[in-house]
Amino acid sequence: MTPEQPADAQGDPAGPAGPADPLDDDAAALPPPGGDSVTALLARLRTLYQRAEEATERFNAADEALKVQAADTKKVTARLTTARTDLARGRAEAGRLAREQYQGRAAFSSFPASLQVLFAEDPQSALDQGRLLARAARDRAGTVSRLEGAERRAGALASASRKALDRQQSLAAAQRVRRDEVTAKLREVEKLLASLSPAQLTRLTELERVQTAGAQRELLGSGVLDGPRAPSRAGAAALRFAVGQIGKPYVWGAEGPESYDCSGLTQQAWAAAGRELPRTSQEQWATLPRVSLSELRPGDLVVYFPGATHVALYLGEGLVVQAPRPGGKVKVSPVAANPLLGAVRPDPDGEALETYAPPDLPAGATDGGDEGYDRRS
């Protein structure tokens with residue numbers, strides 16, 4: 001499966017793709033290396049990695065939804081606590097007044113208004129007191145009624161939020177199961193790779209690199225990335241952050257600071273530049289403004305595979321900074337290391353810098369396989 005020629009970044013803006021179809025066979029059933037079997041093994045391995053990344057991004061989306069729902073439930077619970085406290089305070093006040101009347105301290109106010117005026121030393125004060133008591137009684141009744149209504153509404157909202165949280169937890173559990181199934185397939189492949197001799201592994205990695213190099217030559221030869229490219233101020237900041245993470249390992253669902261997955265790196269890089277991005281590569285592709293590759297500038301996000309299951313930051317000069325795959329580390333790769341889907345721009349209103357010096361790359365920034373299974377990475 002050679003990396004595909006990139007689209008012009010004007011594809012279908014639909015959301016994340018649905019679950020991939022299961023593989024017809026397991027990694028253990030793959031033919032042994034040698035001859036054309038190396039090509040078959042590479043194609044199967046790429047498919048497994050792609051489907052594993054799809055499962056990871058679906059898990060990331062479910063986990064993010066769970067966090068949002070948990071935060072909403074916490075707010076609802078706080079409002080419910082406040083409403084119940086106010087209600088208890090209002091009932092305590094009403095009880096105090098009831099006790100005063102029962103104990104006789106408010107006996108005078110229990111007489112009809114005509115008798116209060118007749119027996120009072122100061123009839124005008126009695127009238128004023130009567131009006132105040134009547135108003136207080138109305139206020140208390142209204143307060144209790146409002147508080148009881150607030151309790152009912154808050155209780156209903158809390159119940160609904162708990163049910164929603166249960167649904168999100170169930171979804172997250174299902175995503176973990178799907179992710180674990182794909183991880184099991186990856187482990188089978190990795191076990192097979194571990195059994196290969198150094199010469200056999202070299203043949204496999206060289207085939208991947210030869211195919212990537214061919215796709216990269218074809219892309220650069222098209223001229224679509226020609227010309228000087230400068231990022232916006234925010235894009236430059238995002239790239240400085242991403243370059244600073246080079247060498248850190250790829251880890252499922254990681255958002256830093258010690259490890260990342262692909263969309264965790266792009267999200268945190270742009271967060272360092274002051275821009276909040278969605279958590280997953282599919283959401284980044286679906287919600288951010290698209291740009292054609294002829295307009296691509298450093299800091300933009302390059303999205304891969306038909307399901308938008310992988311994402312990287314464009315560094316310039318036909319290179320990206322990415323968290324590749326399990327077994328790999330954050331590194332600089334050719335932009336055509338994976339089948340390109342298109343590109344998006346997190347800051348469409350940001351103006352390109354007039355002068356720009358790319359960040360210095362650390363030693364070994366391009367070391368290791370872009371495929372993520374190179375033992376030397």
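Which residue in β4 is the bridge partner of Gly-316? The partner is Leu-319, and the pairing that contains these residues is described below under the strands.

## Basis of the report

The structure is a predicted model, in which local features need pLDDT of at least 70 and side-chain atom pairs count only at pLDDT 80 or more, while totals for chains, interfaces and linings use all residues. Residues are numbered from 1 along each chain as its sequence is written, and side-chain values use heavy atoms, with hydrogens and water left out.

## Overall architecture

The protein chain contains eight helices and six strands. Helices (H or I, at least four residues) and strands (E, at least two) are DSSP runs, numbered from the N terminus. Read from the N terminus, the order of elements is α-α-α-α-α-α-α-α-β-β-β-β-β-β.

Of the 377 residues, 42% count as buried; buried means under 20% relative accessible area, exposed over 50%, and partly exposed in between, with a 1.4 Å probe and protein chains only. The accessible surface of the protein chain is about 19,100 Å², and carbon and sulfur atoms account for 54% of this surface. Accessible areas come from the Shrake-Rupley method with a 1.4 Å probe, and for residues only the protein chains shown count as cover. Among contacts between residues at least 6 apart in sequence, 76% join residues at least 24 apart, where contact means heavy atoms within 4.5 Å.

Strand β3 (residues 310–316) is mostly covered, as seven of its seven residues are buried. β3 pairs with β2 in the antiparallel sense over four bridges; two strands pair if DSSP finds at least two bridges between them. Within this pairing, Val-302 has Ala-312 in β3 as its bridge partner. The hairpin of β2 and β3 has five residues between the strands, and Phe-305 takes a positive phi near 70 degrees there.

β3 also pairs with strand β4 (residues 319–322), again in the antiparallel sense, over three bridges. Here Gly-316 has Leu-319 in β4 as its bridge partner. The hairpin of β3 and β4 has two residues between the strands, and Glu-317 in the turn has a positive phi of about 55 degrees.

## Salt bridges

A salt bridge is a side-chain nitrogen of Lys or Arg within 4 Å of a carboxyl oxygen of Asp or Glu. The count by this rule is seven salt bridges. One of them joins the side chains of Arg-279 and Asp-261, at 3.2 Å from N to O. This pair links distant parts of the chain, 18 residues apart: Arg-279 lies in the loop between α7 (262–272) and α8 (281–287), and Asp-261 in the loop between α6 (233–244) and α7. Both Arg-279 and Asp-261 are buried. They also belong to a network of salt bridges that links Asp-63, Lys-67, Glu-255, Asp-261 and Arg-279.

Arg-297 forms a salt bridge with Asp-347, with the closest N and O atoms 3.4 Å apart. Arg-297 is in the loop between β1 (290–291) and β2 (301–304), whereas Asp-347 is in the segment after β6 (340–344), 50 residues apart. Both Arg-297 and Asp-347 are buried. A further salt bridge joins the side chains of Asp-300 and Arg-345, at 2.8 Å from N to O. Asp-300 is in the loop between β1 and β2, and Arg-345 in the segment after β6, 45 residues apart. Asp-300 is buried, with a relative accessible area of 1%, and Arg-345 counts as buried at 12% relative accessibility.
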